[in-house]
Amino acid sequence: MRVKLLNAPIDCLSMDQSVERVAELISAGGPRRVITLNPEILYRAVQVDHDLLELINKADLVTADGEGIVWAGRVTGTPFPERVTGIDLMLRLVDRAAAEGWKVYLLGAAPGVAEDAAKQLTRRFPGLQVVGTQHGYFKSDEEVAIVQSIKQKGPQLLFVALGAPAQEKWIDRHIESIGHVVAVGVGGSFDVISG
Ligand code: UDP
């Protein structure tokens, strides 16, 4: 079930169900967008950034990322099963990716961090295929080459760690050119995973 909170859609799904939904999106193919929605982003979208609100409305999966959102669901009578954060969802998806053979690409964070995160993840989830990494401090004239490189490597899952809402906007600008991929904005997750 999908509910509206302050005009933003949010899916009433547990972590397990969110992972299943992503698996379905991968099977269905096409460019797919996942947003883990925290209260700061929801507030910003509703109050000042209507383009962002449009992006949230376009997303294929929007998870309740924050106690504030889980609480708001409870008081408005549409409870969310649990909080589904970016990093938790990423780790669960990477685990599943190793089992299913989905290829993963990591875009974002400071130079070296995505590579370190990839090393940690492949150690932790044997069999995981990280097909590429790219840091998040590129110039705008480098974007076309980065997008081409992602497309050519053909990941099923693209994790974008540029901070919210920059990552959601980056995904929206480029996902149609990448094609068949599920893109998930994951904020500071690479910093955490890289240790
Ligand atoms: N970042 C980036 N490029 C930029 C700005 C930020 O790759 O131009 C990265 C930054 O290094 C960090 C992440 O984006 O890894 C943002 O993390 P933060 O915890 O601030 O994001 P949030 O979870 O609050 O969205």
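This is a predicted model: local features need pLDDT of at least 70, side-chain atom pairs count only at pLDDT 80 or more; totals for chains, interfaces and linings use all residues.
## Overall fold

The chain contains nine helices and eight strands. Its C-alpha trace spans about 45 × 35 × 35 Å along the principal axes. For a chain of 195 residues, a compact globule would have a radius of gyration near 16 Å, and the chain agrees with this because its own value is 16 Å.

Buried residues account for 42% of the 195 residues. Among contacts between residues at least 6 apart in sequence, 75% join residues at least 24 apart.

## Helix H8

Helix H8 covers residues 166-178 and has 13 residues. From its first C-alpha to its last it reaches 18 Å, close to the 18 Å expected at 1.5 Å a residue. Just after H8, Gly 179 takes a positive phi of about 95 degrees.

The buried residues of H8 are Gln 167, Glu 168, Trp 170, Ile 171, His 174, Ile 175 and Ile 178. In an α-helix there are 3.6 residues a turn, so residues three or four places apart point the same way. The buried residues of H8 pack against both helices and strands. The helices are H3 (50-58) and H7 (143-153), while the strands are E3 (31-37), E5 (103-108), E7 (157-161) and E8 (181-185).

Pro 165 is found in the loop between E7 and H8. A cis peptide bond joins Ala 164 to Pro 165, with omega at about 5 degrees. As background, most peptide bonds are trans.

Ile 41, in helix H2 (residues 39-47), is in contact with both partners of this bond, Ala 164 and Pro 165, when its neighbours within four places in sequence are left aside. The C-alpha atoms of Ile 41 and Pro 165 are separated by 7.0 Å, although the two residues are 124 residues apart along the chain. Ile 41 counts as buried because it has 25 C-beta neighbours inside 10 Å, and 20 or more are required for that class.

## The ligand surroundings

There are 13 residues around the ligand, and those that come nearest are Ala 109, Gly 136, Gly 163, Gly 187 and Gly 188. By class, the shell consists of seven nonpolar, five polar and one charged residues.

Ala 109 has a further feature in its backbone: a positive phi of about 75 degrees, although it is not a glycine. Its place is in the loop between E5 and helix H6 (113-124). Ala 109 counts as buried because 28 C-beta neighbours lie inside 10 Å.

Leu 6 is another residue other than glycine with a positive phi, near 50 degrees. Most residues other than glycine have a negative phi. Leu 6 is found in the loop between strand E1 (2-5) and strand E2 (8-11). It counts as partly exposed because it has 13 C-beta neighbours inside 10 Å; a residue with 12 or fewer would be exposed.

Arg 33 lies in strand E3. With 21 C-beta neighbours inside 10 Å, it counts as buried. Not counting residues up to four places away in sequence, Arg 33 touches Lys 58, Ala 59, Asp 60, Ile 171, Ile 175 and Ala 183. Two of these, Ile 171 and Ile 175, are among the buried residues of H8, and E3 is one of the elements against which those buried residues pack. The C-alpha atoms of Arg 33 and Thr 63, which are 30 residues apart along the chain, are separated by 11 Å.

Asp 51 lies in helix H3. It is exposed, with 12 other C-beta atoms within 10 Å. Between the C-alpha atoms of Asp 51 and Gly 30, which are 21 residues apart along the chain, the separation is 22 Å.

Key. Residues are numbered from 1 along each chain as its sequence is written. Helices (H or I, at least four residues) and strands (E, at least two) are DSSP runs, numbered from the N terminus. The expected span of a helix is 1.5 Å times one less than its number of residues. Two residues are in contact if their C-beta atoms, placed from the backbone, lie within 7 Å. The radius of gyration is taken over C-alpha atoms; the globule rule is 2.2 Å times the number of residues to the power 0.38. A residue is near a molecule or strand if its C-beta atom, placed from the backbone, lies within 6 Å of it. Ala, Val, Leu, Ile, Met, Phe, Trp, Tyr, Cys and Pro count as nonpolar, Asp, Glu, Lys and Arg as charged, and the others, Gly among them, as polar.
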